[in-house]
Amino acid sequence: MLTVHHLGKSRSERVVWPCEELEIPYELKLHARDPITMLAPPDYKTLHPIGAAPVISDGDLVLAESGAVVEYIIAKYGNGRLALKADHADFSHFLYWFHFANGTLQAGMGRNMILNRLKLADDNPILRATKTRVDRAFDLVDARVREARYLAGDAFTSADIMMGFSLTTMRYFLPYDLARCPNIVLYLGRIAERPAYRRAMAKGDPGMALLLT
C-alpha cells in the first residue's frame, strides 16, 4: 500500500491532497516537528538522510521530493486526472505553474525566510532584492488567477496542488500579506471549497488554522 510520511506544516501536504482528490487507498503516518528546532524528528531521518518532507513508500519504493512524489502518484494512480496531456491547449500553463511552485515561488520564499532569521537591516541590498523577487512572483500568480479559474486554466490540476503550500502554509514560516493580491485571495477561496483539500488538511495538520486570506 502507498504510505505517506507526513511532517506537520510542510510540503508533504502536497502529497496528502492528491491522494484525497483521487480517492485512492493510502496510509498516513504523521510525524511532529521538534518543538524547539522545528526540524524533523530523528525517526524521520531514517526515511530520508536530511529529514526532508515529503517521503512516500509504495512497496519497495521509497521516494522523496514533493514534485517527484506528486508526479509519481498521478502517473501511477491518476488515470489521467490532475494533469493535462501534451496535446491539451493549456498544457504549457500546466507545466509552467507546476514547476513555478518549487523553482521560483518556494525557492524565493525559502531564501527570504533564511535572510529574515539573520536579522538584517531593512535596507540590506540582498534582503531587498529577495523581497522584491518574492513580490514579483506573487504578482505573477495574482495576474494568472485573475484571468483563469485555476493555474492551468479551467481545470483544477496538480499545478494548483503544488502551489497551494507556498500560498498558504508556507506563510507560517514567511508571513506575507495577501491584501496586495486580491485575486490570489479569491483563488484560495475556490481551493478552500474543495472537499478533498479540507479532508487532506484535517488529516495531515489537524487543528492548524488554514492561511487562506
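These questions and answers look at aromatic rings in a predicted model.

User: How many aromatic pairs does the count come to?
Analyst: Rings of Phe, Tyr and Trp pair if their centres lie within 6.5 Å. By this rule, the count of aromatic pairs is nine.

User: Is the pair of Phe-94 and Phe-98 stacked, edge-to-face or tilted?
Analyst: The ring centres of Phe-94 and Phe-98 are 6.0 Å apart, and the planes make 55 degrees. Stacked needs planes under 30 degrees apart, and edge-to-face needs over 60. So the pair falls into the rest, and it is tilted.

User: Which helix holds both Phe-94 and Phe-98?
Analyst: Phe-94 and Phe-98 are four residues apart, about one turn of the helix. The helix spans residues 91–117. It is H3.

User: Is Phe-98 buried or exposed?
Analyst: Buried means under 20% relative accessible area. Phe-98 has 5%, so it counts as buried.

User: What kind of aromatic pair do Tyr-96 and Trp-97 form?
Analyst: The centres of Tyr-96 and Trp-97 lie 4.9 Å apart. Their planes are 85 degrees apart. Planes over 60 degrees apart count as edge-to-face, so the Tyr-96 and Trp-97 pair is edge-to-face.

User: Which residue of that pair is partly exposed?
Analyst: Trp-97 has a relative accessible area of 5%, so it is buried. Tyr-96 has 44%.

User: Which residue has its charged end over the ring of Phe-156?
Analyst: Phe-156 belongs to a cluster linked by ring pairs, with Trp-17, Tyr-150 and Tyr-197. A charged end sits 3.7 Å from the centre of the Phe-156 ring. It belongs to Arg-194.

Notes. Residues numbered from 1 in each chain as written. Predicted model: local features only at pLDDT ≥ 70, side-chain atom pairs only at ≥ 80, totals over all residues. Heavy atoms only, no water. Helix = DSSP H or I, 4+ residues; strand = E, 2+ residues; numbered from the N terminus. Buried < 20%, exposed > 50% of the residue type's maximum accessible area, 1.4 Å probe, protein only. Lys NZ or Arg CZ within 6 Å of the ring centre and 35° of its normal.
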